[in-house]
Amino acid sequence: MPSSLTTNRPNPPDLDTKTLPRQGRAQETFERILSITAELLAEVGIERLSTNLICERAGLTPPALYRYFPNKYAVLHALGERLMGAQNALLADWATPATVAAPPAEFHQRLQRLFIDTIALTDAFAGGAWIMRALRAVPALHEVRVASHRHVSQLIEQAFVDAYPSVDPKQIQTFARLAVEMGYAVQEMLTDEPDLDAQAVVQRYAAMITREVVDLRSTAR
């Protein structure tokens, strides 16, 4: 007999985009839904955001919106994937064997620059701070965040393996995942507490990761 915890658990919302636009007008509508949602998210927050608000601001009927997205969480899912994809592209350019093999001072500088560029990209992305909060706060959206973390961790792992093939791959994997998780936590902290000295925080984070890189390199045979 199923427990009450099981029977009372709500079904997760549908996050799939119903229709991917292929025509010019449909593409414009699709993009307008995303941009309006990002604006509203920054204005009213996650809880007050609704498909009715999105339709009202975008000048659409609910059926027109539902042609593309079944609910507000599907729109947030699409925005989250876009933001994570843009952030991941920056890290993909950074995560190379040349970066992980750079002298400590240069590695530290490159990591600081990556972090500053990522923060700037997120700030410039419409609703970027609130999209990050939604990915953290809404259980249905967690997988977007987790998948992004796994992806960039694997990029760092591969770069390190290519540069130092004799280092224990399990140690590399642990290092990469911790560095990524700490990095996202620092970025979220700076987003939620804008009065913090971002430069000082990023410098400290980069110093910690640089020390870990130096220690990991020392195990190469």
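Predicted model: local features only at pLDDT ≥ 70, side-chain atom pairs only at ≥ 80, totals over all residues.
The packing of two helices is considered first. Helix α10 spans residues 169-192 and helix α11 spans residues 198-217; their axes lie 11 Å apart and form an angle of about 175 degrees. Because angles over 145 degrees count as roughly antiparallel, α10 is described as roughly antiparallel to α11. On the α10 side, the contact is made by Q171, I172, F175, A179, M182, G183, V186, M189 and L190. On the α11 side, A198, V201, V202, Y205, M208, I209, E212, V213 and L216 take part. By class, the residues of this contact comprise 15 nonpolar, two polar and one charged.

The largest pocket involves these two helices as well, with α10 and α11 each supplying at least two residues of its lining. The volume of the largest pocket is about 160 Å³. Its lining consists of Q171, T174, F175, L178, A179, M182, M208, I209, E212 and L216. Helix α10 provides the largest share of this lining, namely six residues. Seven residues of the pocket lining are nonpolar, two are polar and one is charged.

Rolling a probe the size of a water molecule over the atoms shows where empty space is left. The structure contains two cavities of 30 Å³ or more. The largest cavity holds about 310 Å³ of space. It is lined by 22 residues, of which L91, L114, F115, G183 and Y205 are the closest to its centre. Five helices each contribute at least two residues to the lining of the largest cavity: α5 (72-94), α7 (104-124), α9 (142-163), α10 and α11. This lining has 17 nonpolar and five polar residues, and no charged residues. Two of the residues closest to the centre of the largest cavity, G183 and Y205, also belong to the contact between α10 and α11, G183 on α10 and Y205 on α11.

The second largest cavity has a volume of about 30 Å³. Its lining is formed by M84, M132, L135, R145, Y184 and E188. Four residues of the lining are nonpolar and two are charged, while none is polar.

Helix α8 was also examined for burial. Its buried residues are G128, I131, M132, R133, A134 and L135. The elements that cover these buried residues include α2 (24-48), α5, α7, α9 and α10. Among the buried residues of α8, M132 and L135 also line the second largest cavity.

When neighbours within four places in sequence are set aside, L121 is in contact with L83, A86, Q87 and L90. The pair formed by L121 and Q87 is separated by 34 residues in sequence, whereas their C-alpha atoms lie 7.3 Å apart in space.

Terms used
Residues numbered from 1 in each chain as written. Heavy atoms only, no water. Axes fitted to C-alpha atoms, helices over the stretch in contact; angles between N-to-C directions. Helix = DSSP H or I, 4+ residues; strand = E, 2+ residues; numbered from the N terminus. Parallel < 35°, antiparallel > 145°, perpendicular 65-115°, else oblique. Contact = heavy atoms within 4.5 Å. Nonpolar A, V, L, I, M, F, W, Y, C, P; charged D, E, K, R; others polar. 1 Å grid on protein atoms, 1.4 Å probe; cavity = no way out; pocket = protein on both sides within 12 Å on 5 of 7 lines; lining within 4 Å. Points joined across faces, edges and corners; volume = space filled by probe spheres on them. Buried < 20%, exposed > 50% of the residue type's maximum accessible area, 1.4 Å probe, protein only.
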